[in-house]
Amino acid sequence: MTEQAQVPARKKGNAGVKVILILVALLVAVCACFILGAILPRWWSDVIAGQIRRDLGASVLVGMFYGFVFTFIPLLVAWQATRKAVTWPWKISILLVAVAIATPNLLTAGIVFGSTESAHAGQRTLSVDAGFFTTWTAISAIAAVVVFVGITVLWAVWRRRGKQMKALKQAESERARAARNAAAGTPDSTPLA
């Protein structure tokens, strides 16, 4: 009887420890978000400004590169999570990898749409040192989404056409077999699949 009384006490202790660990993890995550929100926009705008160096042509090209590549590749990676053979833990991992690959565009969006002091400082840096970067990043990101949607539609049409062709070939082979059997005078004894 005393062993049964000890088991629930252990479970309660474990549940309390789990709740405390979850609360500590949430507190650390919130603190990390505030710290990173204060540091990353300024750092990212300085990185982009260093790459472009007030050259408007470079601003357009770098913006197009970041916008297209870091939108299209994450979409392709995330698309892999839609496969039926992939289990849920792997789907979550694939989506996290896709978000990690999209980090440059997420940082740029954080600067453009951010309301913190660091985001405003990043906006000023990009407007002075990288004039067209944010505009061409957005245009190229939209183009990447359009290209991705076009590819997925074409892929779906191609797969559906392949399945239809396979079904037609199978029906034609069954029809030819039935015609041979009828010409030979033997009944068709093969079961239909």
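1. Where is Arg 54 found? Arg 54 is found in the loop between helix 1 and helix 2, where helices are DSSP runs of H or I with at least four residues, strands are runs of E with at least two, and both are numbered from the N terminus. This is a predicted model, in which local features need pLDDT of at least 70 and side-chain atom pairs count only at pLDDT 80 or more, while totals for chains, interfaces and linings use all residues. Residues are numbered from 1 along each chain as its sequence is written, and side-chain values use heavy atoms, with hydrogens and water left out.

2. As for the overall make-up, the chain has six helices and zero strands, so that, by the DSSP definition of these elements, the order from the N terminus reads α-α-α-α-α-α. Of the 193 residues in the chain, 22% are buried, a class that means under 20% relative accessible area, with exposed set at over 50% and partly exposed in between (1.4 Å probe, protein chains only).

3. Arg 53 counts as exposed because its relative accessibility is 69%, and Arg 54 counts as exposed because its relative accessibility is 60%.

4. How many salt bridges does a search of the whole structure find? The search finds three, a salt bridge being a side-chain nitrogen of Lys or Arg within 4 Å of a carboxyl oxygen of Asp or Glu. One of them joins Asp 129 to Arg 54, at 2.7 Å from N to O. This pair links distant parts of the chain, with Asp 129 in helix 5 and Arg 54 in the loop between helix 1 and helix 2, 75 residues apart.

5. Another salt bridge is formed by Arg 42 and Glu 117, whose closest N and O atoms are 3.4 Å apart. Here too the pair links distant parts of the chain, since Arg 42 lies in helix 1 and Glu 117 in helix 5 (residues 117–129), 75 residues apart. Arg 42 is partly exposed, with a relative accessible area of 37%, whereas Glu 117 is exposed, at 62%.

6. Arg 175 and Glu 172 also form a salt bridge, with the closest N and O atoms 2.7 Å apart. Because these two residues are three residues apart in helix 6, about one helical turn separates Arg 175 from Glu 172. Arg 175 is exposed, with a relative accessible area of 53%, while Glu 172, at 44% relative accessibility, counts as partly exposed.

7. On the surface, Val 19, Ile 22, Leu 23 and Leu 26 form a nonpolar patch with about 390 Å² of accessible area together. Patches are made of residues with over 30% relative accessible area and no salt bridge, like charges being joined within 9 Å and nonpolar side chains (Val, Leu, Ile, Met, Phe, Trp, Tyr) within 5 Å; accessible areas come from the Shrake-Rupley method with a 1.4 Å probe, and for residues only the protein chains shown count as cover. Leu 26 has its place in helix 1 (residues 2–52) and is exposed, with a relative accessible area of 52%.

8. The largest pocket holds about 410 Å³ of space. A pocket is an open set of points on a 1 Å grid over the protein atoms alone, where a 1.4 Å probe fits, with protein on both sides within 12 Å along at least five of seven lines, and lining residues have an atom within 4 Å of a point; grid points are joined across faces, edges and corners, and a volume is the space filled by probe spheres set on the points. Helix 6 (residues 133–184) gives the most to this lining, with six residues. The lining, which includes Trp 79, Arg 83, Trp 155 and Lys 163, divides into three nonpolar, three polar and five charged residues.

9. The second largest pocket has a volume of about 210 Å³, and among the residues lining it are Leu 106, Val 112, Phe 113 and Thr 137. Helix 4 gives the most to this lining, with six residues. By class, the lining has six nonpolar, five polar and no charged residues, where Ala, Val, Leu, Ile, Met, Phe, Trp, Tyr, Cys and Pro count as nonpolar, Asp, Glu, Lys and Arg as charged, and the others, Gly among them, as polar.
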